[in-house]
Amino acid sequence: MSWRKNCVVNFVNKKQKVRFRPDSPVARELDISTDAIGTVICRYRILREGELAPERLDVRFGERRFAWGVPEKEFEVILN
């Protein structure tokens, strides 16, 4: 898709616009379209048994739609 050329998997900051990667199983599980644009609420890592887990994002997709604790690798940053 042509709009995908403006997206990259990248370091994500709060308030950045993102969308799920086209092949994201999490998007299917949450029933959120891979075309939906969301805003990053926060980015964090969880410490487990002394090791850091992959970066996670909380993302808002509209008024009442959220993706909580989704691995950062599931998203593409939208470059403006």
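**Ring pairs and salt bridges**

In this predicted model, Asp23 is partly exposed, with a relative accessible area of 47%. The side chain of Asp23 meets that of Arg21 in a salt bridge, with 2.9 Å from N to O. Arg21, by contrast, counts as buried, since its relative accessibility of 19% falls under the 20% cut-off. Arg21 also meets Glu74 in a salt bridge, at 3.9 Å from N to O. Arg21 sits in the loop between S2 and helix H1 (25-30) and Glu74 in the loop between S7 and strand S8 (75-78), so this pair ties together parts that are 53 residues apart in sequence. Glu74 is buried, at 8% relative accessible area.

The structure holds five salt bridges. Another of them joins the side chains of Arg43 and Glu72, at 3.2 Å from N to O. Because Arg43 belongs to strand S3 (residues 38-44) and Glu72 to the loop between S7 and S8, parts that are 29 residues apart in sequence are tied together. Arg43 is partly exposed, at 27%, whereas Glu72 is buried, at 13%. Both residues belong to a network of salt bridges that links Arg43, Arg45, Glu55 and Glu72.

Aromatic rings come next. The structure holds three aromatic pairs. One of them, Phe20 with Phe61, is stacked, with 5.6 Å centre to centre and 10° between the planes. Phe20 lies in strand S2 (residues 17-20) and Phe61 in the loop between strand S6 (56-60) and strand S7 (66-71), so the pair ties together parts that are 41 residues apart in sequence. Phe20 is buried, with a relative accessible area of 0%, and Phe61 is buried too, at 8%. Ring pairs link Phe20, Phe61 and Phe75 into a cluster.

Definitions and conventions
Residues numbered from 1 in each chain as written. Predicted model: local features only at pLDDT ≥ 70, side-chain atom pairs only at ≥ 80, totals over all residues. Heavy atoms only, no water. Phe/Tyr/Trp six-rings, centres within 6.5 Å; stacked < 30°, edge-to-face > 60°. Helix = DSSP H or I, 4+ residues; strand = E, 2+ residues; numbered from the N terminus. Buried < 20%, exposed > 50% of the residue type's maximum accessible area, 1.4 Å probe, protein only. Salt bridge = Lys/Arg side-chain N within 4 Å of Asp/Glu carboxyl O.
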